[in-house]
Amino acid sequence: MAHIANSLDEGAMFWHERLGHLNMASLKELDPMVDGMNLKEVSLHHVCEGCIEGKHQRTPFPKDGATRASQLLEIVHNHVCGPMRTTLHGGARYFLTFIDNFSRKTHVYFLKAKREVFEKFKQYKGLVENKIRHKIKVLRSNNGREYVSKKFDAFLAECGIQRQTSAPYSPQQNGVAEHANRTIMECAKSMILAQGLDIEFWGEAVNTTMYIKNRCPTKVLNSKTPQEAWSGRKHDVFHLRVFGCKTFAHVPDEKRTKLESKSMPCVFLGYYEGTKAYRLMCVETKKIIKSRNVVFIEGSKEIGGVLHPKKIENGVVHEIVTEEVEGEEPLAFNQDTPLNEATIKGVQNESMPSFSSKEKFVVSNDNPSHEPSQHVPRERLQMHQREWPWDWRIATKEMEHATIAFLEEPQNIEEALTYENSREWECTMQEEYNSLVANNTWTLVPFLIGRKHVSCKWVFKIKQDANGDVEHYKARLLVRGFTQTFKVDYNETFAPVAKFTSIHCILELTALENMEIHQMDMKTTFFNGELEEEIYM
Amino acid sequence: MCKLHKSLYGLKQFPRAWNQKLDAFFKSIEFMKNEADPSVYVAQVGDVKFFIVVYVDDLILVCNDQNKLLQIKEELSQKFEMKDLGELHFFLGMEVERNYDEQLLHINQIKYLKEILKHFRMEECKPIGVPFDPKVKKEREWK
């Protein structure tokens, strides 16, 4: 049964649909090949909604559409890379790159968590703006949560820096940074693998890569390296050596007796920006050494197997400076700065898709966040580093687990849902929520204007067994009791706990009379208490 | 907005609500609240002595009769969702070791100490008897 079309164009449309939304050009081509179509006129630009829904493609990115800065610091790209599987001994799992668009000079910072981005940006800004007599004008990044916070926005606005973010799911728009990350990762990986080093050296490798890449040509700069474009001075590469090769560092007279060896075998790990010295790691003691009296054996590869940071027996490691040279501390391992506990405000309901929309509850997390003191004097920080035996090299087993556990416990619901194991977290949250509902913990009531309510938040814990392996994930909904008001939300809070003297007393009795002593604890304590007051959440 | 019926973790009155509930239960199974310490409950029937120490959601049960102990534990785990941790090994950060032969019971806080050391990143430090090693200064002076 042929369908009789009224107008010419409509006829073509029907054939378009009959032939499974065949494109108009092919339709036109097909017409003379077969009988019974008899198309009169085909418009190539007909819009069919079905076609759009079925065939919509991403808008292409312009090949040469990228803006090019005309002076230093006009555009700064940045990007966070990670989390890495291997945590550095300072706890870092991410690295953050800042790239100046004009010179392509790269700076790398290492982060424990993404929330440190803001802190590092301030450091970077201070560093570069002091060095180069220009100000950062545009900061280009992706849409990551770490960049888009109120504090960060306010800071940028105050400094008059424009923020440019790429459109959602379009990392191509931040191509410079994305590509740089890839280059850095590839370079670092090659250096580690070629020398047979342990993967835990990725931090060193990344840091060295940055140093090298700043001294290598890039496409956009004509006959200049990023370092030259940045500093305006031609630099030499006379001092560059193969990463991870075997070296011998001279032992200063003060540190040895007459008959001791004058040199110690080390592995070469990089350079110091601003100091004419090499960064080495002593094979024997696994200590990081800064030295300029070094003999390199660049062809050697056997060193990789010898070096395994995990094998450190005595973890007390200090950075010993064999030469009295003044220089900046390596970026990578200044991890002692306090974490910036940037809390994310107003978590949206949308971020919890698994809860039915009828039972909405706002999980707010507007902690009166204590700004950690931002201006720790530099001297103090350095002293701190020297005093504490907490360098990136401490690697006893327990410590490792401690770091990992610390890192993987999300601080708030948003983090839980963006972490690697977000599925587990979501599952436990759902479970907890279900059991709360099943126990008739609350009923939903219409919003009462003027009635105070307490807020709540989720907390997350990873329970570990004795070996430090993950036993299970635990999520709990807490009421934030400090938002309650005395006499309104509560009257009495006193609950007795046993005195230690009575515990001791009973233990004594037990021992004396050989009694049985057993222990029990509450699985779900909160189900049991009935409330006397009316409380809303 | 949710109207709460049961107390939730974090509420100011949470510990009290829980304690009252527990208190009511112990009274119903004829335990006496100790006058000197209101979180110690005592019961004595003939030769069988029974003590219960409450520390928020941790309980220590002491009894000289195994059957009675098991019976009370059963009751507790039915009434509340309680987990039986068996013999006492750990309580409030204290480790408990028993020596039945010599009628001894040792408590120590080794685990707690280790955690403190870990917290202050001092697990690898060398122990020293005097807070400031007197030798250090002397050596300098000798030079």
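Predicted model: local features only at pLDDT ≥ 70, side-chain atom pairs only at ≥ 80, totals over all residues.
Residues are numbered from 1 along each chain as its sequence is written, while chains are lettered from A and ligands numbered from 1 in the order in which they are written. Chain B averages a pLDDT of 81, and 92% of its residues score at least 70; pLDDT is the predictor's confidence in each residue, from 0 to 100. The model as a whole scores ipTM 0.79 and pTM 0.44.

Chain B has four helices and nine strands. Both kinds of element are DSSP runs numbered from the N terminus: helices are H or I with at least four residues, and strands are E with at least two. Along the sequence, the pattern of chain B reads β-α-β-β-β-β-α-β-β-β-β-α-α. Of the contacts in chain B with a separation of 6 or more, 13% are between residues 24 or more positions apart; a contact here needs two C-beta atoms, placed from the backbone, within 7 Å.

Three strands of chain B form an open sheet in the order 7-8-9, with antiparallel pairing. Its edges are strand 7 (90-91) and strand 9 (104-108) of chain B, each pairing on one side only. Two strands count as paired if DSSP finds at least two bridges between them, and strand 8 (residues 94-99) of chain B is joined to strand 9 of chain B by five. In one of these pairings, E97(B) has H106(B) in strand 9 as its bridge partner. Elsewhere in chain B, strand 6 (residues 82-87) holds K83(B). K83(B) is partly exposed, with 13 other C-beta atoms within 10 Å. From K83(B) to D58(B) it is 25 residues in sequence and 9.9 Å in space, C-alpha to C-alpha.

How do the two chains meet? The contact takes 68 residues from chain A and 60 residues from chain B. On the side of chain A that touches chain B, helix 14 of chain A gives the most, with eight residues. That side divides into 37 nonpolar, 19 polar and 12 charged residues; Ala, Val, Leu, Ile, Met, Phe, Trp, Tyr, Cys and Pro count as nonpolar, Asp, Glu, Lys and Arg as charged, and the others, Gly among them, as polar.

Now for a helix in chain A. Helix 4 (residues 117-131) of chain A has 15 residues and reaches 21 Å from its first C-alpha to its last, close to the 21 Å expected at 1.5 Å a residue, the expected span being 1.5 Å times one less than the number of residues. Its buried residues are V117(A), K120(A), F121(A), K125(A) and V128(A). Seen down the axis of helix 4 of chain A, these fall within an arc of 140°, so they line one face of the helix; the arc is that of the directions from the helix axis to the C-beta atoms. On the other side of helix 4 of chain A, G126(A) and N130(A) are exposed.

Technical notes:
Buried ≥ 20, exposed ≤ 12 C-beta atoms within 10 Å, placed from the backbone.
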